[in-house]
Amino acid sequence: MNTAENFFPGLFVGNYDHALDAQGRVCLPSDWRDKDRETELVMIPARSKALLLLPVQTFMEFCSKAAKLAIANPKMQMALAYLGSESRRCRCDKQGRIALDKEKLISIGVDRKLKLIGAVTHIRICAPENWLLPENPDDYLNEIQQVCEAGDDFAGLLQGVLGK
């Protein structure tokens with residue numbers, strides 16, 4: 001396994017226009033599926049009329065951190081209850097299709113057509129009309145630059161690529 005696969009449970013890049021089939025399934029790009037075992041993701045709500053698909057390992061790492069905060073924090077307990085009640089497990093079938101919750105899709109404006117966006121560590125799902133490229137990509141590049149300025153070796157590499 002290469003270093004990127006050890007660091008990220010999945011590497012999701014690119015974006016794809018898809019349509020749901022009659023059973024409400026969509027096919028994940030082959031590069032986004034685990035070649036060695038069944039691909040299992042967790043679908044969670046997101047802001048800006050979107051859903052996120054996270055690898056189970058990423059979701060569980062988040063839950064582990066959040067659970068520590070929830071022990072004495074009623075607001076965090078409710079946030080986790082909301083997240084749990086609105087999340088769904090999704091498994092790929094042998095053809096690489098995942099069934100998506102129809103109600104969740106309707107809530108973000110997806111009827112039949114949808115956009116799958118590789119967001120490096122997760123997949124973003126939205127209606128095509130809700131995926132708008134930024135007018136000023138510098139706003140997003142500034143966020144990436146902050147990571148670069150953190151100072152580890154990978155950040156230094158990105159810093160050179162971004163031309164700081």
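The entries below go from the whole chain to single residues.

**Ground rules.** I am reading a predicted model, where local features need pLDDT of at least 70 and side-chain atom pairs count only at pLDDT 80 or more, while totals for chains, interfaces and linings use all residues. Residues are numbered from 1 along each chain as its sequence is written, and side-chain values use heavy atoms, with hydrogens and water left out.

**The whole chain.** I found six helices and eight strands in the protein chain; these are DSSP runs numbered from the N terminus, helices being H or I with at least four residues and strands E with at least two. Read from the N terminus, the order is α-β-β-β-β-α-α-β-β-α-β-β-α-α. The protein chain has 164 residues, and 29% of them count as buried (under 20% relative accessible area; exposed is over 50% and partly exposed in between, with a 1.4 Å probe and protein chains only). Contact means heavy atoms within 4.5 Å. Among contacts between residues at least 6 apart in sequence, 57% join residues at least 24 apart.

**The loop between S3 and S4.** Next I went to the loop between strand S3 (40–46) and strand S4 (50–55), where Ser-48 lies. Lys-49 lies in the loop between S3 and S4 too. Ser-48 has a positive phi near 60° and is not a glycine; Lys-49, not a glycine either, has a positive phi of about 50°. Are they buried or exposed? Ser-48 counts as exposed because its relative accessibility is 57%, and Lys-49 counts as exposed at 52%.

**The loop between S7 and S8.** I then turned to His-122, in the loop between strand S7 (113–118) and strand S8 (123–126). His-122 has 19% relative accessibility, so it counts as buried. Which residues does His-122 touch, leaving aside neighbours within four places in sequence? I listed Phe-12, Leu-52, Leu-53, Leu-54 and Ile-117.

Val-120 lies in the loop between S7 and S8 and is partly exposed, with a relative accessible area of 40%. With Leu-11 and Val-13, Val-120 forms a nonpolar patch on the surface, with about 240 Å² of accessible area together.

Note on methods
Patch = residues over 30% accessible without salt bridge, like charges linked within 9 Å, V, L, I, M, F, W, Y side chains within 5 Å. Areas by Shrake-Rupley, 256 points an atom, 1.4 Å probe, with all protein chains shown as cover. Salt bridge = Lys/Arg side-chain N within 4 Å of Asp/Glu carboxyl O.
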